[in-house]
Amino acid sequence: MRGPGGSHRPSGGPPMAAPLVILAMSAIPTVRPDSFLTLHYRLAGPDGATILDTFVDKPATLSLGSGQLAPAIEALLVGLHEGAEASFELPPGAAFGERNAALVQRVSLALLEAHGEPEAEYAVGEVVEFPTPDGEGRYAGVVRELGPGWVLFDFNHPLAGRAVRFDVKLLGVM
């Protein structure tokens, strides 16, 4: 039997309220350009050789837009949802730019001794870190050649001008 206002009530009893149904809508977090992420990722070169792999250890935590990943790789993450797994093939130069011949430089041993370790020895293939001019950061160069009184360094990113495979599993998005 319906009482006033359409509420249901047992015969002779007080009116009963209609059941209230609340639907909980939980949105899955989506990566934005300023998101803080916890993720596993793998970078591989064109030959398939792994360059960096966090799947074998602890996941990485990083803030997009802070320079921790190359901008082209960050752009691939934007729009993905927490829990997503994806793989991307980036063409040569897309991830870390093209190779720049101006970044291959001959440095005198006298300059290296004056601003580094005086007794340092260098070997082809070795990665050597240098302070930035302002002293706030560091950058690295790979020894490409040794000569009498000089060392040839390549300051290009090791994957510059190369195709890159990027595999990712997003564990957390904030």
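Predicted model: local features only at pLDDT ≥ 70, side-chain atom pairs only at ≥ 80, totals over all residues.

Residues are numbered from 1 along each chain as its sequence is written, and side-chain values use heavy atoms, leaving out hydrogens and water.

**Elements.** I found two helices and nine strands (DSSP runs numbered from the N terminus: helices are H or I, at least four residues; strands are E, at least two).

**Sheet.** I traced an open sheet of four strands, in the order β5-β8-β7-β6, with antiparallel pairing (two strands pair if DSSP finds at least two bridges between them). Its edge strands are β5 (104-108) and β6 (127-131), each pairing on one side only. Inside that order, β7 (138-147) and β8 (150-154) pair over five bridges.

**Cores.** Next I checked burial: 30% of the 174 residues count as buried (buried means under 20% relative accessible area, exposed over 50%, partly exposed in between, with a 1.4 Å probe and protein chains only). The largest nonpolar core has 23 residues, and Leu-37, Leu-39, Leu-77, Phe-166 and Val-168 touch the most other members (a core is a set of buried Ala, Val, Leu, Ile, Met, Phe, Trp, Tyr and Cys residues joined through side-chain atoms within 4.5 Å). Strand β9 gives the most to this core, with five residues. A second, separate core of nine residues includes Val-107, Val-128, Phe-130 and Phe-155.

**Salt bridges.** My search of the whole structure found eight (a side-chain nitrogen of Lys or Arg within 4 Å of a carboxyl oxygen of Asp or Glu). Asp-53 and Arg-42 meet at 3.3 Å, N to O. Asp-53 lies in β2 (50-53) and Arg-42 in β1, so this pair ties together parts eleven residues apart in sequence.

Which residues does the network of salt bridges with shared partners join? I noted Arg-42, Asp-53, Glu-89, Arg-165 and Asp-167.

I also looked at Asp-154 and Arg-144, whose closest N and O atoms are 3.5 Å apart. Asp-154 is buried at 2% relative accessible area, whereas Arg-144 is partly exposed at 43%.
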